[in-house]
Amino acid sequence: MNMKNMTDLIQNLYQEKIIRPLDLQFSKQIRSLCSMNLSPIELDFITYIAVTTSYEYSLSHICVPLNKMKKKHVFGLKKYPEKLNSFLPRTEEWEIILDKSGVCSDGTRVTPLVFDGERIYIYRNWLMEKEVAEKLFELSKPKTLDETRLSKINITLNQLFPREYQLFDQFTSQIGDDTSDDDIFSLVCDLLHVKEENIQKINKIAVLQAMKNRNREDISQKMNTLIPESLCVNWQKVSTAVALTRQLSVITGGPGTGKTTTVSKLLAALAEIHKSQDFTIKLCAPTGKAAARLTESISRAIEKLTISKQVKKRIPSEASTIHRLLGSFNKKADFRYHRSNKLHLDVLVVDEASMIDLALMSKLLEALPDEAILILLGDKDQLASVEAGAVFGDICQFIKRGVSESQKNILDLITHYSIPYERDSNDFSDSLCLLRKSYRFHQNSGIGQLAFSTNTGDPHLINQVISNEYEDINVIELNPESYRLFLKDVANAYTGYLNMILNGEDKQEVLKSFSQVRLLCATRDGECGIKATNKKIEMLLESGGFISRPKTSSWYVGRPVMITKNAHAFNLYNGDIGICMRDIDEKLYVYFESPHGGLRKFLPSRLPDHETIFGMTIHKSQGSEFKKTYLLLPEKMSAMMTRELVYTGITRAKESLTICCLRKILHKSSAFKTKRNSGLVALLSS
């Protein structure tokens with residue numbers, strides 16, 4: 001194609017399906033709005049800025065650094081640098097042209113584009129980011145707490161986080177003649193959350209002598225003296241203390257670090273401290289499935305707490321989606337609750353916060369009452385939101401090893417610990433807390449070690465973990481034969497729940513059995529995607545006589561399905577999983593577990609959009625966990641193959657993980673960390 005100007009180049013990009021129709025139209029509209037005083041080459045420059053900003057937004061970037069545009073490797077391609085150079089003015093003139101274009105400002109007046117001195121935004125995105133930063137700053141200001149309130153918090157924390165001497169009973173009963181002194185001492189330090197740097201300060205011999213005593217009361221008295229709490233730190237307790245002393249708290253941690261335990265005790269503490277019947281706590285999550293999981297896990301955790309019935313009554317028993325909390329209107333972008341009609345609550349707990357995009361976070365903060373407490377929970381290393389922005393990840397960049405001196409004084413007083421502090425910590429970083437101890441993955445856990453090595457992006461460390469031959473991980477090199485055997489193994493793992501159906505066992509137990517196993521794929525398409533693998537697993541199960549698929553229908557006994565579209569009328573949400581089974585009347589129904597226990601059943605014809613779910617994408621698995629996990633990575637790299645994706649897949653495994661992949665794909669994916677361009681970190685740093 002003969003390209004004479006920028007318009008021709010952009011049209012060519014559109015015809016090659018590199019940019020979207022929306023990007024093309026946006027560039028045309030911005031060009032038409034430009035000042036009449038611009039020269040043709042200056043108009044071409046503004047057109048280039050507009051199409052690039054729109055295109056980058058489609059890749060989930062909130063803005064585009066101007067320096068990135070100056071490199072001229074446009075749209076991920078190096079195809080047109082010479083042509084592009086001929087259509088653009090000298091880079092030192094760019095900021096002057098932006099200023100006189102009439103379509104770009106610094107945000108002090110409304111223009112389609114905003115340039116903040118470093119980054120180009122679409123105005124709406126710039127405004128949302130600015131308002132989110134301002135609200136987070138406002139919420140992070142420390143609260144004034146009198147001695148009475150601090151004393152009450154201290155008492156409540158001690159009640160909810162007692163030293164766990166009851167675990168010593170289980171431990172001491174397992175001590176045998178072959179248990180080494182080092183193992184005993186190490187486990188004692190672990191149970192009491194001794195900080196690593198303080199282990200050498202403890203009288204090891206005295207601790208070992210105390211452990212020979214089987215009387216728990218005697219042990220606890222001696223341990224309180226030998227290992228005082230000032231040498232320890234339980235980060236769950238610290239996170240709860242942060243949330244009880246601040247209006248904003250952000251609690252992050254990997255799988256098994258106890259986010260659910262922490263939030264359940266935090267809710268109990270809030271209900272205990274704020275005894276007014278009007279004090280309202282609400283729970284929410286970005287998706288229906290995440291909200292259902294939060295409901296289930298919190299209900300289970302609260303039941304285990306030794307708190308009064310009155311306190312339990314004040315703790316919410318159900319979580320909703322953020323959209324439902326805000327009062328979304330069907331097929332409308334508006335919400336019932338907004339800056340002029342705030343939510344009616346005193347505390348808002350948001351789980352899986354890493355899944356929240358900038359636009360939704362903006363709406364949520366806008367509707368939050370001025371005095372309300374906000375608690376954000378999530379794993380900073382998991383996948384970011386599907387839509388633009390990575391708000392939770394940006395916030396968590398401010399996590400430090402210590403807190404400010406003023407925050408340390410408060411936390412030391414109410415926890416009895418000695419919290420580390422850093423001189424450059426501030427009000428915002430004081431609102432953040434990292435759960436650092438995994439209760440699921442012990443030191444000898446291959447799953448935990450592989451997750452850690454993946455997060456480093458170091459291929460040598462990944463190979464070292466794999467070569468250690470941990471019992472709970474198995475990494476298979478992908479080839480046609482290993483692929484076939486891998487899927488055969490997956491299909492065999494699913495025969496357990498199918499046999500339970502054939503034997504007429506309890507339907508709820510069938511659902512629980514199915515939920516223990518899952519195949520996770522990175523993609524939907526291709527030989528290693530869920531479309532192909534689901535079909536192959538069905539064929540394997542049918543050839544083994546475990547399922548029988550009719551020719552006239554897609555429904556058969558044992559078919560597992562996942563809902564892919566919310567259906568509020570049925571209380572079925574995107575991500576909910578059910579299994580097709582016969583009822584007593586011999587009709588086929590699809591059974592789903594209820595968040596509060598029991599079962600719900602639906603005729604197959606009544607279900608909203610759904611798909612077969614022997615295999616699911618890693619994205620869909622976020623927030624779930626499975627005893628036996630199979631992970632299949634594609635044979636080729638793509639933009640979606642990132643460190644966060646692989647880490648999320650690995651950490652869905654609780655007890656057993658089998659990975660089938662090309663080692664080079666595992667290495668490349670782990671090295672490729674997702675980068676979402678935004679100015680939020682810069683705003684929060686200012």
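A: Buried residues make up 53% of the 686 residues in the protein chain. The model is a predicted one, and the account below moves from the whole chain to particular sites.

The secondary structure of the chain consists of 30 helices and 20 strands. With a radius of gyration of 28 Å, close to the 26 Å that the globule rule gives for 686 residues, the chain is as compact as a globular protein of that length. The C-alpha trace spans about 90 × 70 × 55 Å along its principal axes. Of the contacts between residues at least 6 apart in sequence, 73% join residues at least 24 apart. The accessible surface amounts to about 32,200 Å², and carbon and sulfur atoms account for 49% of that area. As for charge, there are 91 positive and 81 negative side chains, and the centres of these two sets lie 4 Å apart.

Leaving aside residues up to four places away in sequence, L450 touches I462, V465, I466, I650, L657 and I659. Its C-alpha atom is separated by 9.9 Å from that of Y470, which is 20 residues away along the chain.

T533, in helix α26 (residues 530-543), also has a relative accessible area of 0% and is buried. Again not counting residues up to four places away in sequence, the residues that T533 touches are Y483, L487, L519, C521, E527, C528 and L632.

In the whole structure, 13 aromatic pairs are found. In one of them, Y123 and W126 adopt a tilted arrangement, with 5.7 Å from centre to centre and 40° between the planes. Both residues belong to helix α7 (residues 123-139), where a spacing of three residues separates them by about one helical turn. Y123 and W126 are both buried.

The pair of Y494 and F614 has its ring centres 5.2 Å apart and its planes at 65°, so this pair is edge-to-face. Y494 lies in the loop between α23 (480-493) and α24 (495-502), while F614 lies in the loop between β17 (610-612) and β18 (615-617); the pair therefore ties together parts that are 120 residues apart in sequence. Y494 is buried, and F614 is buried too. These two residues also belong to a cluster in which ring pairs link Y494, Y497, F514 and F614.

Two further buried residues lie in loops and have a positive phi. S60 is located in the loop between α3 (40-58) and β1 (63-65). Its phi is near 75°, a positive value in a residue other than glycine, and its relative accessible area of 9% places it among the buried residues. H193 occupies the loop between α10 (181-191) and α11 (204-211). Although H193 is not a glycine, its phi is positive at about 60°. With a relative accessible area of 11%, H193 is buried.

From C-alpha to C-alpha, S276 and R314 are 9.2 Å apart in space, and they are 38 residues apart in sequence.

Terms used:
Residues numbered from 1 in each chain as written. Predicted model: local features only at pLDDT ≥ 70, side-chain atom pairs only at ≥ 80, totals over all residues. Heavy atoms only, no water. Helix = DSSP H or I, 4+ residues; strand = E, 2+ residues; numbered from the N terminus. Rg over C-alpha atoms; globule rule 2.2 N^0.38 Å. Buried < 20%, exposed > 50% of the residue type's maximum accessible area, 1.4 Å probe, protein only. Contact = heavy atoms within 4.5 Å. Areas by Shrake-Rupley, 256 points an atom, 1.4 Å probe, with all protein chains shown as cover. Lys, Arg positive; Asp, Glu negative; His and termini not counted. Charge placed at Lys NZ, Arg CZ, Asp CG, Glu CD. Phe/Tyr/Trp six-rings, centres within 6.5 Å; stacked < 30°, edge-to-face > 60°.
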